[in-house]
Amino acid sequence: MNMGGPDMAPHPPQRSARRGEATARLGPVLEVSDLQTHFFSFGGTRVVKAVDRVSFTLHEGETLGLVGESGSGKTTTCLSIVGLLPRAARIVGGSVVFEGEDLTRKSQRELRRIRGRRIAVILQDPMASLNPLFTIFRQVAEPAFFHQQLRGRSLRERVKHLLRAVRIPSPEWRMREYPHQMSGGMRQRIVGAIALAGGPSLVIADEPTTNLDVTIQAQYLDLLKDIQRETGVALIFVTHNLGIVAKMCDKVAVMYAGKLIERAPVRELFDDPKHPYTRALLGAVPKLGSKEPLYSIPGQPPNLANLPAGCSFHPRCPEAVPRCVSEEPGDFHLDDGSVARCWLVEGKNEAGAHRGRTRS
Amino acid sequence: MATIPANTRLASERAAAGRLKSVIKAVREAPQAAVVILGGLMLVAIFADLIAPYEPTLPVQGANVFDPPFWMEGGRAATLLGTDFQGRDILSRLIYGARVSLIVGLMGTLVAGSIGTAMGILAGYVGGWVDQIIMRVTDAWLALPAIVFAIFLAAMVGPSMWNIIVILGGVYWTRYARVIRGEVLTLREREFVKLAEIAGASKLRVIKRHILPNVMNTATVLASLTVGVVIIAEASLSFLGVGVPPPQPAWGLMLSEARSTLMAGQWWLTVFPGLCILLIVLATQLFGDWLRVRLDPQLRNL
Amino acid sequence: MAEPVLEVRGLKKHFPVRHGLLGRRKTWVKAVDGVDFAIHPGETLGLIGESGCGKTTTSKLILLQETPTAGSIAFEGRDIAGLEGTELMAYRRAVQVVFQDPFSSLSPRMRVEDIIAEPLEIHTDLSRAAIGKRVGEVLELVGLQPDVAPLFPHEFSGGQRQRIAIARALATNTRLIVLDEPVSALDVSVRAQIINQLEHLQRTLGVSYLFIGHDLATVAHISHRIAVMYLGKIVESADSDTLCARPMHPYTKALFAAALPSHPDDPQQERTIAGEVPSALRLPSGCRFHPRCPAAMPVCSEVEPTLQPRDGGGVVACHLYD
C-alpha cells in the first residue's frame, strides 16, 4: 500500500522499523522515568498514588502493551503522558521524555501543539471520540486543517488518503456521512484516521477494540500492525487482554495497584513470567481447546486509597514470604531483559540482578 | 474449586465506617443557611403558643393601632415589630402565620407529590392507553394557569385550611407526573427491572419494590422545590382573599390587609410578612438545590 | 440420554419494519430464522456469534420476553407457548437469567438479602426465617459470606455482584440459567473466579446453562457443546472439543482465526475475513455468509445450505460438505 504524502509519517516510508528491532539512531521515542501521579481529595488529606514510580522506554516502530485490570493505573499513566489529567490529579515526580523533550515540564499550551500532531490518542468508545454533529470529512480533516494548514482540494485529497489508509471503502462517499451511519468497526477506524492525520510518532490506544466484534477486532489489529510497519509509529496499547498483547506487542509492562510490577519483552513474559501476579494473570486466561481449570486469584484488587503495607500484591499472593508484608520491593533486573518488582526475584540471577530504580 | 473472596467481611466493616464518614460529610456540607432558616421556622411554628408574646387575633392591651417597630419613634418594646390596623401584634401574627405557611406548604406538597408520583408511575410503567389518558389530563391541567385554577376551586368549595391544601395539591401534581413518568420510562428498561419481570414478579410487586424506591430520590428533590411554590401559591390565595380564612393569620393575608398602608408610610405591615415569605421560599429552594446535587451523583453511582 | 431440559425447534422471530413514504412498505428483520437446539440436564450449551447473529433475541424468546413468530420451545417436554397462571410461574421459577452488566442488574435500593429472596417470595410461601436461611445457603454456594446479606449492591465489586446475580438465579432450584455474556464486563482475574464458580455449581447442583458469549476461548472452556450463529441461523454445532479440534464452517474457521493467540509465537492465522456483518434487512441470497466467504462457490449464492451431520458429531450447514 502506498502511503505517499510528505506529511503522512514522521519518517520517509522506506525506513520502516521491523518488529523487535529498535532503531537507536534517534534515541527512544518515549522514555518514562519514575513517573508518579497522585490524586488529591478531601482538601488534600487523602492521597491516592494512582501511578507509583513507573518507568519504561519505547522506540520507533515498537509496540508496548500496558496491561492491568481496573484500577491498576494504566489509563492514568497514559493521561499523565499526554497531560490530560483531571483536576484532582497531579504529576508529582519523574519525567516523561518524548523525542528528547520532557513533557512534564511543558505548559498546557505547548502540550496542545504536541497532542494530535505528534502524539495521538485512540480511546475505547469511538462514539465518545467522534462528534455526532459533524461529517466524517470535517472530523478527519481537522488535524490537517489546523496543524498543516491544508485547504480546499489538497485537504480533500488528504482526507481521502487517510480514509484509504484505514481501509474505509469508497472514501469520497463515506466522508460525507455522519458517525451514526457507520458501524462500530468503521467508526473505530475513522478514529484511527484522525489519530494518524497529524503524522504522529507515538499513538496511545486505550482498549480500542473492547466494544468490537471478534472478527472486526482482528481486522482492526491487523490494520494497526500494517500501519505501524509502514510508518514506524510507536504504539502504546493499553489493554487487559493478554491475547492482544501476544498478537501485537513487542514489549509488555504489567501494572498492579499503580505500580509497574513487571516489564519484559513479550516472549520472555509469556515463557517465563517473573512476578506472581503476571503468572496468575496468564493462568486465568482460558486457552482455546483446553478445559483445564482456570487459576483464579483470591480476593480483589486493593483500594488504592488503602493499600496494604509492603508489596501491594501480598494479600493475594500464593507465594508471599514474611518480607513481602513489611517491605515494598524495588525493581530487580534480570538477564533476559525482564524487570520485576518482587522479593522472590531478588538474587535469582546472580549476574544481572541488582536493586535499583534505573531505566531499562 | 470454589473461591471465597478473602476480604468480604472486611468489606462490610469498611462499609460501615464509610457510611458514618459520609453522614458526617453530609452534615458538614449541608447548606447551613437554609437548614437554619427552615429549622428555625419549624420550631417557631410548632412552639408558636410558647413563643408568641400575644394572641394573634386580638388587639394588644395598651397599644395603639399602627404602632411602628420598637426601634422607631413611637415604637414600644412590648410590640417589637409594631401593630397593625386593629392593634394586633405583628410579631405574634408572623409567628402564627408561619404555621399556616408551613402546614399548607408541606401538606400541599405531600398531596401533590403523592398524586403526581402515583400518576407518573402508572403512566410510565403500565403504558398504553393509561399512559395516554394520564398524559392528556396532565397536558390539560398544565395549560391552565395554576393560580387562576386554584382561585376558581377555592371560590367554589369555600375556604378552609384543608380545602386549600387539597386544592393546591390537586393543582400542582402535574409537574410531578411528567418528571416521574420520564424517570420510570428509563427505569423500566433497566436490567434489574427486567430481571424481576423474568423472575415472575407481578406488576404491582415490581412497582412497589423496584420502581418506587428508585424514583424516591427525584420525588424528594421535586418536593423540596415544590414547597416554595406552594407556599407562594397559598400566600397569593390569601392575598386575594380566598385562602385560609381570617382571623387566622397568614402571611399573604397580612399583605393583603395592609395593601393600602404601604404608601401611607406604615411599611412594617407589609415588609415583614413579605420578608418571611421571601426567607422561607429561599430556604426551601436552597435546600432543594443542595438535595438535588447530593442525591443525583449518588444515583448515578448506583 | 435423559430428556432435554430445553428443546428448541424451528424457532423464528421476525420483527416488522415499516418504511417507505407513509410507512406503508413493510419488511422483516429476521433476527432468528429457524434455530434448533437442545440442552440436557447438567449441560452447558454455548451460543457464539457476533452482533446481529440473533443470540440475544434467542435468549429473549426463551425468557418469554418476546413471542416467537414460528417454531416451538419446549421445557422438560412441555411447550411453553401460551403458558399461563401456575404453569407460567413454574416455568419462571425454573428458568432464570444472568445478564452482562453487574452494575445494572441489581436493584440499587434493595439489600442483597431482599434481592436474592425475591424469587423465593414470588414462587414459594416459605416463612421469612426459611427464606433467610435459603438466602444464606445460596450466598455460600456462590462463594460469599452469608453475613453480607444486609448490604447494598453498591458496596460490592463487579465480580461480587455477578455472584449475587448468580445466587438470585439459583435461589429457587433453577433447572436452566441463561447466562448472557456474564463475564464480559469483568476483569480477567475475576472472570476466572466466576467461570470456576459456575462450573463448580453445575457439577454440584446439576443445573444447565445456556452460555451466550463472544469470546471463543471462554465459551469453549465452559461449554459442553457449542452452536455458532450467523445472521439468525445456526451454521455449525458440535461438542466443544470436536469443534475446537476441527471447525468446519468457514465462518467458524474465521472466528477461530480471529481469536487472539495465547502466546506470541502461536502461528498467526491466515488473513481474517473481510467486510462486516451485512444488515439484517438485506439478507444475502442463498447462504447468508457467501459474500464474505473465502470458499464461496456458485451454488452458495443460490441455494441456502441446511444443517447436515458433520465429522466427529454435530451438524454444519455448508455446501462444501454436502
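Visitor: I'm new to this one, so what is the mean pLDDT of chain B?

Guide: The mean pLDDT of chain B is 81, and 88% of the residues of chain B reach 70 or more. Keep in mind that this is a predicted model, and that where pLDDT is low, the predicted coordinates should not be read in detail.

Visitor: Where in chain B does pLDDT stay under 50?

Guide: One such stretch is residues 1–15 of chain B, for which the model has 32 contacts beyond four places in sequence. Another is residues 298–302 of chain B, where pLDDT also stays under 50 and the model has four contacts beyond four places in sequence.

Visitor: And how many helices and strands does chain B have?

Guide: Chain B has twelve helices and zero strands, and reading along its sequence gives the pattern α-α-α-α-α-α-α-α-α-α-α-α. Of the 302 residues of chain B, 42% count as buried. If you take the contacts in chain B between residues at least 6 apart in sequence, 71% of them join residues at least 24 apart.

Visitor: What about chain C, what mean pLDDT does that have?

Guide: For chain C the mean pLDDT is 90, with 98% of its residues reaching 70 or more. For the complex, the predictor gives an ipTM of 0.85 and a pTM of 0.82.

Visitor: How many residues does the contact take from chain A and from chain C?

Guide: It takes 36 residues from chain A and 33 residues from chain C. On the side of chain A that touches chain C, the helices α8 (214–231), α9 (242–248), α10 (266–271) and α11 (276–284) of chain A each supply at least two residues.

Visitor: Which of them gives the most?

Guide: That is α8(A), which gives the most to the side of chain A that touches chain C, with seven residues. By class, the residues on that side of chain A divide into 17 nonpolar, twelve polar and seven charged.

Visitor: Changing topic, what does the domain assignment give for chain C?

Guide: The assignment for chain C gives domain 1, made of residues 39–66 + 83–223, and domain 2, made of residues 235–259 + 269–322. Taken over C-alpha atoms, 32 Å separate the centres of domain 1 of chain C and domain 2 of chain C.

Visitor: How many residues of the two domains of chain C are in contact?

Guide: Eight residues of domain 1 of chain C are in contact with seven residues of domain 2 of chain C. Helix α7 (residues 216–222) of chain C gives the most to the side of domain 1 that touches domain 2, with three residues. That side of domain 1 of chain C has three nonpolar, four polar and one charged residues.

Visitor: Now the sheet in chain C, what order do its strands have?

Guide: It is an open sheet of eight strands in chain C, with the order β6-β7-β8-β3-β9-β10-β12-β11 and mixed pairing. The edge strands are β6 (95–98) and β11 (308–309) of chain C, each of which pairs on one side only. Helix α5 (residues 158–170) of chain C lies across β6 and β7 (176–180) of chain C, and α5 runs at about 175 degrees to β6(C).

Visitor: Is β3(C) mostly covered or mostly open?

Guide: Strand β3(C) is mostly covered, as five of its five residues are buried. Both faces are covered, with Thr44(C), Gly46(C) and Ile48(C) buried on one side and Leu45(C) and Leu47(C) buried on the other.

Visitor: Which strands run parallel with it?

Guide: Five bridges join β3 (residues 44–48) of chain C to β8 (residues 208–213) of chain C, and these two strands run parallel. Within that pairing, Gly46(C) stands opposite Phe211(C), and the bridge partner of Leu45(C) is Leu210(C). Strand β3(C) also pairs in the parallel sense with β9 (residues 225–230) of chain C, over four bridges, and here Ile48(C) stands opposite Val228(C).

Visitor: One more: why is helix α1 of chain C described as largely enclosed?

Guide: Because seven of the eight residues of helix α1 (residues 55–62) of chain C are buried, α1(C) is largely enclosed by the rest of the structure. The buried residues of α1(C) are Lys55(C), Thr57(C), Thr58(C), Ser59(C), Lys60(C), Leu61(C) and Ile62(C).

Visitor: Which residue with a positive phi follows α1(C)?

Guide: That is Leu64(C), which follows α1(C) and whose phi is positive, near 60 degrees.

How values were computed:
Residues are numbered from 1 along each chain as its sequence is written. Chains are lettered from A and ligands numbered from 1 in the order in which they are written. This is a predicted model: local features need pLDDT of at least 70, side-chain atom pairs count only at pLDDT 80 or more; totals for chains, interfaces and linings use all residues. A residue is buried if 20 or more other C-beta atoms lie within 10 Å of its own, exposed if 12 or fewer, and partly exposed in between; C-beta atoms are placed from the backbone. pLDDT is the predictor's confidence in each residue, from 0 to 100. Ala, Val, Leu, Ile, Met, Phe, Trp, Tyr, Cys and Pro count as nonpolar, Asp, Glu, Lys and Arg as charged, and the others, Gly among them, as polar. Domain bounds come from an automatic or database domain assignment. Two strands pair if DSSP finds at least two bridges between them. Axes are lines fitted to C-alpha atoms, for helices over the stretch in contact, and angles run from 0 to 180 degrees between N-to-C directions.
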